[in-house]
Amino acid sequence: MTTSNDNAHQRRILILGGTGEARELAAALVVDGHAVISSLAGRTQAPTLPPGEIRIGGFGGPRGLAAYLDEQAIDLLVDATHPFAASMSANAATAASSANVPLVRLERPAWSRPQGAIWLEVPDMEAAADVLPEDSRVLLTVGRQDLDPFRKRADCTFFARMIEIPADLPPEWTIIAHRGPFTLAQEKAVLTANAITHLVSKNSGGLQVAAKLAAAAQLNVPVIMIARPALPEAETVQTVAQAREAIGQLFRTG
Ligand code: NAP
């Protein structure tokens with residue numbers, strides 16, 4: 001087993017989580033001998049929990065987070081939230097700076113268009129809803145907080161894939177209540193069986209749900225790809241291994 005800081009004393013690390021990478025990093029940093037607190041927003045019922053301590057719920061904005069960093073004597077803040085959790089990432093940058101705590105952001109690389117795929121890149125959810133051609137049959141893979149802009153497109157037929165289903169969805173929408181990851185064959189079957197003409201996705205990146213993009217490319221289904229929100233500058237790594245290494249380095253030199 002690798003331990004990157006056998007001789008270092010234990011550090012207190014707060015990980016802003018809600019992603020698979022955050023869980024993996026928490027596990028690795030516990031193995032490295034650190035005291036790890038993982039923070040979750042509390043939106044998912046029965047979330048998969050990482051090793052270490054867990055806290056759930058918002059901090060009350062950047063000031064609340066800065067106060068928490070201070071009270072808990074946190075040595076390092078890791079922002080391992082989803083690339084679209086822009087408010088939390090902005091709060092992390094502000095709070096780390098005001099509490100004078102180092103910040104590392106773990107952000108998986110964005111997807112790039114597979115060769116031959118038809119992608120229309122749009123800046124946000126509203127634009128995605130606006131660009132759908134009339135009478136499209138749309139597979140929505142955007143999450144339950146992002147559905148509102150699509151409600152106005154009563155001309156389109158929507159298939160919304162999600163794990164936790166909001167109570168107030170338009171009754172004519174079809175819900176596909178499956179949890180990924182999905183294989184290429186499964187993704188092709190969903191697109192074909194529902195005669196999907198457009199796939200809507202955030203540019204989340206990662207391997208877990210990437211098969212839908214390959215399936216759409218193979219079936220010539222256009223993808224409406226929502227670009228990532230802009231985030232404040234921060235030291236950023238792309239993988240759990242890089243994060244572990246950067247953190248080990250920071251504590252060796254810091
Ligand atoms: P957001 O819009 O950036 O955050 C809204 C507020 O929720 C934040 O200001 C913060 O409240 C609270 N919050 C968010 N993440 C938190 C965390 N890890 N720990 C404690 N409080 C948190 O966030 P979001 O897009 O709703 O995402 C919520 C969570 O779901 C995040 O942990 C994210 O990693 C995960 N997630 C998001 C997506 C997505 O597409 N957005 C996808 C998969 C997973 P206060 O200001 O009160 O601190």
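In this predicted model, the ligand is surrounded by 22 residues, and the closest of them are Gly17, Ser39, Phe59, Gly60 and Lys202. By type, the shell around the ligand comprises 12 polar, 7 nonpolar and 3 charged residues. Helix 3 provides the largest share of this shell, with 4 residues. Both helix 3, spanning residues 86-99, and strand 2, spanning residues 35-40, contribute at least two residues each.

A backbone N or O atom of glycine 17, one of the closest residues, lies 2.7 Å from a ligand oxygen. Methionine 88 likewise places a backbone N or O atom 2.8 Å from an oxygen atom of the ligand. At asparagine 91 the side chain is involved: one of its N or O atoms is 3.3 Å from a ligand oxygen. On its own the ligand has 810 Å² of accessible area, and the protein covers 77% of it.

Domain 1 is made of two segments, 12-108 and 230-253, while domain 2 covers residues 119-226. Their C-alpha centres are 30 Å apart. The contact between them draws on 7 residues of domain 1 and 9 residues of domain 2.

Arginine 108 is the residue at which the segment 12-108 of domain 1 ends. It occupies the loop that runs between strand 5 (103-106) and strand 6 (119-122). Is arginine 108 buried or exposed? Its relative accessible area is 15%, under the 20% limit, and arginine 108 is therefore classed as buried. The side chain of arginine 108 reaches the backbone oxygen of glycine 205 at 3.3 Å. Beyond its neighbours within four places in sequence, arginine 108 has contacts that include Thr19, Glu21, His82, Pro83, Ser204, Arg228 and Gln238.

Within domain 2, which covers 119-226, alanine 127 belongs to helix 4, residues 125-131. Alanine 127 counts as buried because its relative accessibility is 17%, which is under 20%. Although 99 residues separate alanine 127 from isoleucine 226 in sequence, their C-alpha atoms are 8.5 Å apart in space.

With a relative accessible area of 17%, asparagine 194 falls under the 20% cut-off and so counts as buried. Its side chain reaches back to the backbone oxygen of valine 190, at 3.0 Å. Leaving out residues up to four places away in sequence, asparagine 194 touches Arg137, Phe159 and Ile176.

Most residues other than glycine have a negative phi, and most peptide bonds are trans. Alanine 195, in the loop between helix 6 and strand 10, has a positive phi near 50°. Alanine 46 is classed as exposed because its relative accessible area of 75% is over 50%. Finally, the peptide bond joining glycine 180 and proline 181 is cis, with omega of about 0°. Proline 181 lies in the loop between strand 9 (174-176) and helix 6.

Note on methods. Residues are numbered from 1 along each chain as its sequence is written. This is a predicted model: local features need pLDDT of at least 70, side-chain atom pairs count only at pLDDT 80 or more; totals for chains, interfaces and linings use all residues. Side-chain values use heavy atoms; hydrogens and water are left out. A residue is near a molecule or strand if one of its heavy atoms lies within 4 Å of it. A polar contact is a pair of N or O atoms within 3.5 Å; within protein, one must be able to donate a hydrogen and the other to accept it, and residues adjacent in sequence count only if both atoms are side-chain atoms. Accessible areas come from the Shrake-Rupley method with a 1.4 Å probe; for residues, only the protein chains shown count as cover. Ala, Val, Leu, Ile, Met, Phe, Trp, Tyr, Cys and Pro count as nonpolar, Asp, Glu, Lys and Arg as charged, and the others, Gly among them, as polar. Buried means under 20% relative accessible area, exposed over 50%, partly exposed in between (1.4 Å probe, protein chains only). Contact means heavy atoms within 4.5 Å. Domain bounds come from an automatic or database domain assignment.
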